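This report describes how the parts of a structure are arranged and where they touch. Please consult the sequence and model shown here alongside the text.

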Protein chains: 2
Amino acid sequence: MNPPKQSRSRALRSADPPTLKARRLGLETRGEAVAFMHRDCHICRSEGFSAHARVRLSNGRNSVIATLFHVTSDLIRPGEVGLSEAAWHALGVAEGVAVSASHPKPLESMSKVRSKIYGEQLDDSALRSILSDVVAGRYSDIQLSSFVTACSARPLANDEITALTRAMVAVGDRLSWNRSPIVDKHCVGGLPGNRTTPIIVAIAAACGLTMPKTSSRAITSPAGTADTMETLAPVDLDLATMRRVVEQEGACIAWGGAVRLSPADDTLIRVERALDLDSEGQLVASVLSKKIAAGSSHVVIDMPVGPTAKVRSSEDAQSLSRHLASVATAFGLKLRTVITDGSQPVGRGIGPALEARDVLAVLRGEKAAPDDLRARSLALAGVLLELGGKTAPGEGEHLAAQILDDGRAWAKFQRICEAQGGMRAPPVSTTRHPVMAARGGVIIAIDNRRLARIAKLAGAPDAKAAGVELHMAVGKHVEAGQPLFTIHAETDGELAYALEYAEHNDEAVMTVEDQ
Amino acid sequence: MNPPKQSRSRALRSADPPTLKARRLGLETRGEAVAFMHRDCHICRSEGFSAHARVRLSNGRNSVIATLFHVTSDLIRPGEVGLSEAAWHALGVAEGVAVSASHPKPLESMSKVRSKIYGEQLDDSALRSILSDVVAGRYSDIQLSSFVTACSARPLANDEITALTRAMVAVGDRLSWNRSPIVDKHCVGGLPGNRTTPIIVAIAAACGLTMPKTSSRAITSPAGTADTMETLAPVDLDLATMRRVVEQEGACIAWGGAVRLSPADDTLIRVERALDLDSEGQLVASVLSKKIAAGSSHVVIDMPVGPTAKVRSSEDAQSLSRHLASVATAFGLKLRTVITDGSQPVGRGIGPALEARDVLAVLRGEKAAPDDLRARSLALAGVLLELGGKTAPGEGEHLAAQILDDGRAWAKFQRICEAQGGMRAPPVSTTRHPVMAARGGVIIAIDNRRLARIAKLAGAPDAKAAGVELHMAVGKHVEAGQPLFTIHAETDGELAYALEYAEHNDEAVMTVEDQ
C-alpha cells in the first residue's frame, strides 16, 4: 500500500479521540457490563455504534466490553456514557472521568466455539482462549449461551474435559497449603436437603485433617451448601481470612466465588442456570477445577442416584464416575466416588435455613435429628477419614460416629463458625402453610424435582428462610388431612406462587397409594 | 388437597395486586424487552425479583416478558417501572399507567430446546411451541442463542426443517393473491454486490408475471436487497400498501420484516448475526417460510458457489439444493435452484447505495453498466420466465434480454418505485479513500469475506452510502499505484476503521500475481 494513504488514515484516527464522561447509573445486572449512550451522541454517530452493539470502553488503564443501549430521552445526555455496576467496577472510574469507546476486535475465540458447534474437538489452547475471554467479560450473554449449549449438544470428550478443567484453573486464583493431605468432598447435587458438608467438615477437622472447603451457591437447586452455611456464619471470606481460619481450625466452609477459584465457572453457571442445563463435561470440569484450584489432594464425591435426582440411572453414574476418575488422575488427584441413594430428599428441610436446622440437630446429637442425614454424613466422612489416612479401610465410619457422638464435631463446628466471623441462628420464615394429604395411604414416591421447584417458588435460595419442610418419607403411612409438608416463605406473594404450583401438582409431589 | 387451603392461597393472591407506574425510558435495545425497577421497590421485595430475572409485565390487556435490571440510584423511584422501547410498545401503555409485575410461568417450550440439545428430533408441535414463544418475546437472549446453537450443533433433519418452516409460517402473517402463478426469486447470499433482484422483478413484471417480492435486510453482509432498494424507494410497506402496489404494477420490492411474514425468523436472524452462525436447516426454513408466507407458487433460487461465498463447495450446494427441493415439495412449491459462480463480487459496488448505482446502470442500459450483473440477472430472469410459463424452456434468457434492452424493464421499475412511495436517488458518500496496488500484476483472486468486512467497517449497511467500490476484477492487469478499490464512508471514524483493516489485510483482499 502507498505511504500517503497510511499516514492519512492514522491522522484520521488521532484527530478524533472520542471520549465520553462516565456516569454511574447504579444498575445491578448480575455481572453483565451494559453501557448507555444517547443516540445523537457524537461517538455513536462517528463510530457507527448501533443499538445492542458490543462496544469496548477504556479509561486508559482498564477496559471492558459492554452491550450498548441507545437512549433517545434525556436519561443520558450526548457526551455521557451511563454504566452498569459491572462496567463501572471493571473500569474503576469516578463520576465524570473520560472514557473512550471503540469497536471491540472480533473475538477470535468465538471461531473456536463455532468449530465446536460444527463438531470439532477443542484443545487446551482453544479452551484457554475461550475462558480467558469469558473471565475478562468479553462474551455477551448470546455468546456465553452458545458455548454452554455447544458443550451439551456436542458432549465433551475426555481430553476436552481435562483441557476445560485445566483452562478453568488457569484463568483463576490457585491456593497452596503448607500441609498434606488436603481433603475435600463434593456432592454432584440434585438431592434436596442433602446437606452433609458442614457435618463432614466438622468431623474431618476434629480428627485432624485439613479441609479448606469451598462451596457453591445453588445452581438450579433451592439451596447450595454456601447458601445454607451462610445462615449459620459468614461464608463470603477473602483469601486471607480463609487461610487464617484453616490455619487456626484446620478447616473452613467458605463460598467459592468469593476467592475467585475458577471464576469462569461462576459465569458459565449463571447461563446454565438460565437454561436449566448441566452437561456432564462442564459438571466434571466445574467440580474438579474448584478442587484443584483449592489445592486439594484427596477428594470424596457423593453421587446420589435416583429417578428424580440429577444423576438418574446407574449407567449415568458409571459414566460420570469414569470421567471424574480419569480427569482426576490427569491432575494427580486421589478421588473416590460414593454412589448413594437419591430416591428421596435427605433430612426434613429444603431451603437454606431449613437445611441448616437439620445440620444443627445432627451436630448437636438431638434425638429428633434426621437419621438419614446423620447416616449419610457418617458414611461419607468415613470414606474421607480412610482416604486421608486417619484410619484403616473399613473403620472410617465407626471413627466418624465416635467423633460426632462425643461432641468433638459440634465443638469444632462452632469454632469454625466463630473463626469465620461469628456463629448465628438461621432465620425463621414469616409466613407458612401446610399441604395436606387428600386421602390416606402409604407414600410410595417423592418427586425431588417438583419439591425443589416448590421450594424455589417459595423464594429459596434468595429468601433464606423459605423452602419446604417435609413431614413424610417414602414408606410412611399418612391419613387423609394429615400434613405432607409445610411451605415456608418470607413474603405472601411467594407463598402464593408455591402453593399454586403445589395445588396443580398435587400428589405428583408425594405419591400416596391406598392400602 | 383440602378446600380451606386453596381458598386461602387465592385470598393471598388477590390481596396483593402489585402495580407499578410505567415510565418510558426512550431506550433502544433492538427488540429486547428490558424493565428497570428500584431494588427497594415493594414489588421487587414482595415478589423476590432478583437482578437479571425475567419478569412478566401486564397492563391488563397486553403483557410482555422482560429482563429486569435493579436500580439502586434515583434513576428509577420505588413504585416505578422503567421500560425499554420494545417493552413500552409491546404493552402499549402511556406514561404513569399501572403495570403489574409477576413471575412468568416456566417456559415449557425450553424443555423442547433441551431435548434437541440432547439429540432428540423436534416435531411440528415442539417447533410450533418454541416459535410461538419466540414471537411473543418470551425467550431471553440466552434462550434464543441456545436454540439457534442447538440447531447448528445438532443439524436439523429433513422432517425437522419442514416442521420448522411450517412453524415459522404459522406464527406470522400469510398473504394470498387472487392470481396465479405468483413467482419469486431468492439468493442464498454470501456474494457481495449480487443485487439482481430489482432487475429480475422489473423484467418479470414487465412480462406480465406477478412478483410480490419481499426481501430481507443484511444478516452478516454489507447490504441486503431491502437495504439497497431502500436507497431508491421506500421498502417499509405495510400489507395494504404492498397489495395495492402489486395489484397496480404486478410486483413490488418490499422489506419482509415490515409485513410480519415469518417474524420469528427476524428474531433468530439477530442472534445468528451476533454468533456469525448460519445453519443449513435454519437457512432453508428462513428462505422457504418467507416464500410460503408471501403466497409464492414458483421460486428460483440463486446459489452462488465459491471458496469465499456462503456456499463454499459443490457438495454443500448439492446438500442445500436437496433440502430446499424436498421442503418445497412438502409445501407444493415449484422450485428451481440455479448454481452460479461465487468466486468474486458481482458488479462494482458493495454497500446499499453503491449497489443501487449498479442496478440503475443495468436497468438504464448504460454502456458502463457492469456486464456480470446484467448477465446474471438475465440468466435468472430467464429461468423465472420459463418456470412461470411465459416462454418455452431454453428461451427465457433471450426474452429477458429483449425486455431489458427495449426499456420495458426500466419503465416498469420506475413505476414500481413510484407506487411504493416515490423514486429517489441513492445517497453519495461524504468521505472516501482509494486503496492502491503495491505492485503490478494480474488479479488472480478476490476475497469476498474480507471485502465484505471492509464494507461493514466503513458503515454498511446502516450507513447507506458506505461500502466498497471495486475498480478491478479477477483476470485484470493492474499497475503498481493503480487503485484496486475505493472505500466510501459517511464518517471519518468509520473510514479509518475500514482503512486500518484493509492495510492489515493488504493483498489478501485482491491477490496480485506478478506477470
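How far apart do the C-alpha centres of domain 3 of chain A and domain 4 of chain A lie? They are separated by 26 Å.

## Basis of the model

The model is predicted; local features need pLDDT of at least 70, side-chain atom pairs count only at pLDDT 80 or more, and totals for chains, interfaces and linings use all residues. Residues are numbered from 1 along each chain as its sequence is written, while chains are lettered from A and ligands numbered from 1 in the order in which they are written.

## Domains of chain A

Chain A is assigned domain 1 (18-102), domain 2 (108-170), domain 3 (183-261 + 278-419) and domain 4 (431-513); such bounds come from an automatic or database domain assignment.

Helices (H or I, at least four residues) and strands (E, at least two) are DSSP runs, numbered from the N terminus.

## Chain A against chain B

Between the chains, 67 residues of chain A are in contact with 67 residues of chain B. Helix H19 (residues 492-509) of chain A supplies the largest share of the chain A side, ten residues.

Strand S2 (residues 27-28) of chain A runs antiparallel to strand S5 (residues 63-71) of chain B, joined by two bridges; strands pair if DSSP finds at least two bridges between them. Here A:Leu27 stands opposite B:Val71 in S5(B).

Technical notes
Two residues are in contact if their C-beta atoms, placed from the backbone, lie within 7 Å.
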